[in-house]
Structure formats: structure tokens, C-alpha cells
Amino acid sequence: MANEKNQQTLSALTGSLSGIDSFYVVDYQGLTAGQLSKLRKDIREKGGQLIVAKNTLINLALQGGGRDFSDALKGPSAIVVAQDDPAGVAKALSDAAKGNDKGIPAVKAGFVEGNRVDVKVVERLASLGSKQSLQGELVGVLSAHLSNFVGILEAYKEKLEGQGA
């Protein structure tokens with residue numbers, strides 16, 4: 001029978017992953033305690049959480065949710081949960097990897113909005129802005145087009161009023 005500490009860790013890990021539809025499996029080996037602390041803080045600011053646990057416990061917790069990542073769980077692994085903004089959390093991971101010469105943390109696999117994705121998709125996701133910045137860009141583009149449309153309607157209204165007089 002498994003020891004009590006592992007059972008508690010598995011229970012906590014399963015609870016943390018329940019209802020989560022976006023996370024990344026990363027290799028964190030080689031980060032100093034200071035770098036790991038900064039990474040945790042950056043991820044937390046983006047609405048995520050870094051969870052370090054044994055690979056077997058991570059695998060059991062993921063398989064309990066119907067997700068199989070046994071191929072990605074080789075060597076030291078951690079789960080980075082993205083609750084609100086998967087792109088923002090991926091960008092935090094990418095920025096941290098660019099911030100050191102070893103390229104750590106290295107993303108091994110991802111699960112974004114209910115679908116397993118490979119590393120290239122996570123890299124593209126990281127190149128996007130945060131959810132808020134993308135929404136801001138969309139609002140800007142839409143407002144510009146709406147402003148042009150209103151101008152055209154105003155001009156057409158004036159033209160019709162000029163013809164009617």
C-alpha cells in the first residue's frame with residue numbers, strides 16, 4: 001500500500017487539476033531556488049500555479065481525469081496550471097526560459113482548453129499577447145471600423161437631406 005504522504009499529495013494534486021482545462025508539463029531541473037521562486041511569482045501573476053510533484057503522482061492525477069501524459073513525464077517534471085489565461089502563463093514560461101542560458105523551464109507537453117498540444121503550439125501561444133491585450137486589440141479594431149461605418153452613414157444622411165430640400 002502507498003504511504004500516507006503520497007496519498008495526501010495525490011489527493012491534493014487531483015484536487016488542483018480538477019476542473020482545469022489548460023496546463024503545461026515542464027522540466028524545471030537546473031533552476032536555482034531564486035529562479036524557481038521568481039518563476040512561481042510570475043506564473044501566479046498570470047493566474048497560474050506551478051506544482052512540483054513526483055512523476056508517478058502527476059501521472060496518476062492526470063490519468064484520473066482521463067489525460068495521459070506518461071510519455072512527457074520523463075525526468076524532473078512539474079505541472080504549470082493555467083486557470084484564466086493560457087497564453088499569459090505560456091508567455092511567463094517562455095520569458096523565464098529566455099532569461100537564462102539553459103532555456104529552462106523547458107515545456108515538454110501541453111493541454112490547452114481541453115486538447116493536448118505539442119511544444120510548437122505552446123511556443124506559438126506564448127508569442128501571442130495576454131488575453132487582456134488581445135481583447136484590447138480586438139476592441140480597437142472593431143471601434144475603428146464602427147467609427148468609419150458611422151461616418152459613412154452620416155455622409156449618406158446628409159446627402160439624402162440635401163437631395164430632399
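Predicted model: local features only at pLDDT ≥ 70, side-chain atom pairs only at ≥ 80, totals over all residues.
1. The axes of α1 and of helix α3, which covers residues 55-64, come within 9 Å and cross at roughly 45 degrees.

2. From α1 come Asn6, Thr9, Leu10, Leu13, Thr14 and Leu17, and they meet Leu57, Ile58, Leu60, Ala61 and Leu62 of α3. Sorted by class, the contact of α1 with α3 has 8 nonpolar and 3 polar residues, with no charged residues.

3. Helix α2 (residues 33-45) packs with helix α4 (residues 86-98) at an angle of about 155 degrees, and their axes are 8 Å apart. That angle makes α2 roughly antiparallel to α4, because angles over 145 degrees are counted in that way. The crossing in which α2 passes α4 is right-handed.

4. In the contact between α2 and α4, the residues Leu39, Asp42 and Ile43 belong to α2, and they meet Val89, Ala92, Leu93 and Ala96 in α4. By class, the contact of α2 with α4 has 6 nonpolar residues and 1 charged residue, and no polar ones.

5. Turning from helices to loops, Ser22 is placed in the loop between α1 (4-17) and β1 (23-27). Is Ser22 buried or exposed? Ser22 has a relative accessibility of 1% and so counts as buried, because the cut-off for buried is under 20%.

6. The surroundings of Ser22 can be described in some detail. Leaving aside residues up to four places away in sequence, Ser22 touches Val81, Ala82, Pro86, Phe111, Val112 and Glu113. With Glu113 there is a further detail to check in the model, in that a polar atom of the Ser22 side chain lies 2.9 Å from the backbone nitrogen of Glu113.

7. Another loop residue, Asp85, is found between β3 (78-82) and α4. With a relative accessibility of 10%, Asp85 also counts as buried, because that value, too, is under 20%. How far apart in space are Asp85 and Gln8, C-alpha to C-alpha? The distance between Asp85 and Gln8 is 28 Å from C-alpha to C-alpha, and the two residues are 77 residues apart in sequence.

Technical notes. Residues numbered from 1 in each chain as written. Heavy atoms only, no water. Axes fitted to C-alpha atoms, helices over the stretch in contact; angles between N-to-C directions. Helix = DSSP H or I, 4+ residues; strand = E, 2+ residues; numbered from the N terminus. Parallel < 35°, antiparallel > 145°, perpendicular 65-115°, else oblique. Left-handed = near helix turned anticlockwise from the far one by under 90°. Contact = heavy atoms within 4.5 Å. Nonpolar A, V, L, I, M, F, W, Y, C, P; charged D, E, K, R; others polar. Buried < 20%, exposed > 50% of the residue type's maximum accessible area, 1.4 Å probe, protein only. Polar contact = N/O pair within 3.5 Å; in protein donor to acceptor, adjacent residues only side chain to side chain.
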